[in-house]
Amino acid sequence: VIIRDEIPLFLDLCTLKPGASSHPYELEIVNSRTLKFTFDNILLPDSTTNEPLSNGYVTYEIAQVKDLPLGTVITNDAAIYFDFNAPIITNETMHTIAEDFILVSLLEVESNSLSMQVVPNPTSGYCQIDLVGTPIQSGVLQLLTAAGQLVYQQTFQGQQIELDVSRLPKGLYWFTLATKKGQYARGKIAVK
């Protein structure tokens, strides 16, 4: 598996700090602005065989160029290459340089057939995940830290899942939902 991420000119490549990952990787900078993460022999199972173990991740930090004007928009996405197949392009992130703004919601969802809503998000106590549409008989919810450490897991039935995050440290957490029928969704919950 190879991930290629072309770094926008609004980000200072000299401040790059590689971070945590799900598997060992090698990092190189190619064409002066493209990060290339290479995961040799990662051997992820197919998502239809074992969806939770079919995932991997890599993190890094990078600072924006100093003194960017207000209103500057920084966008980014990456290309993921599996074997010799065409790349899969990630969702695009967007960051606008601004002052005195209010964070209203932090919810990013990826899904193959589950529609859902997480309220409230951010939260400091309980939140509820409401599944919309197709009736769900049962499934598994997993909650992971930004570094990929599993901190909570529960089975669920029906369309609503109540989640108590009051004992977790503040921060951003990833969750995955997977049903026995192969439906899944991923998203983020911010604990304040």
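Predicted model: local features only at pLDDT ≥ 70, side-chain atom pairs only at ≥ 80, totals over all residues.
When neighbours within four places in sequence are left aside, the contacts of K192 are with P122, T123, S124 and K170.

## Overall make-up and confidence

The secondary structure of the protein chain consists of 17 strands and 0 helices. Of the 192 residues in the chain, 33% are buried, and the chain exposes about 12200 Å², of which carbon and sulfur atoms supply 53%. Where contacts join residues at least 6 apart in sequence, 55% of them link residues that are at least 24 apart.

The mean pLDDT for the protein chain is 83, with 90% of the residues scoring at least 70. Confidence reaches its highest value in strand β4 (residues 34-38), at 96, and its lowest in strand β10 (residues 110-111), where the mean is 48. Across residues 102-111 the pLDDT stays below 50, and this stretch has 24 contacts in the model beyond near neighbours in sequence.

## An open sheet of three strands

Which strands form the open sheet, and in what order do they come? The sheet is built from 3 strands, arranged as β11-β12-β15, with antiparallel pairing. Because β11 (115-119) and β15 (160-164) each have a single partner strand, they stand at the edges of the sheet, and one side of each is left without a neighbour there. From one strand to the next, the twist averages 20°.

The pairing of β11 with β12 (residues 126-132) is made by 5 bridges, and these two strands run antiparallel. One of the residues that can be followed across this pairing is Q117, whose bridge partner in β12 is D130.

## Two buried threonines

T38 lies in strand β4, the strand for which confidence is highest in the protein chain. T38 counts as buried because its relative accessible area is 16%, and the cut-off for burial is under 20%. Setting aside neighbours within four places in sequence, T38 is in contact with V1, I2, P24, Y25 and E26.

T145 is part of strand β13, which covers residues 139-145. With a relative accessibility of 17%, T145 is likewise counted as buried, since this value falls under the 20% limit. Residues up to four places away in sequence not being counted, T145 touches V151, L172, Y173 and W174.

## Cysteines and disulfides

Are C14 and C127 buried or exposed? C14 counts as exposed because its relative accessibility is 77%, which is over the 50% needed for that class. C127, by contrast, has a relative accessibility of 2% and therefore counts as buried.

How many disulfides does the model contain? A disulfide is a covalent bond between the sulfur atoms of two cysteines. With the criterion that a pair of cysteine sulfur atoms must lie within 2.5 Å, the count comes to 0 disulfides.

Methods
Residues numbered from 1 in each chain as written. Heavy atoms only, no water. Helix = DSSP H or I, 4+ residues; strand = E, 2+ residues; numbered from the N terminus. Buried < 20%, exposed > 50% of the residue type's maximum accessible area, 1.4 Å probe, protein only. Contact = heavy atoms within 4.5 Å. Areas by Shrake-Rupley, 256 points an atom, 1.4 Å probe, with all protein chains shown as cover. Pairing = 2+ DSSP bridges. Axes fitted to C-alpha atoms, helices over the stretch in contact; angles between N-to-C directions. pLDDT = per-residue confidence, 0-100.
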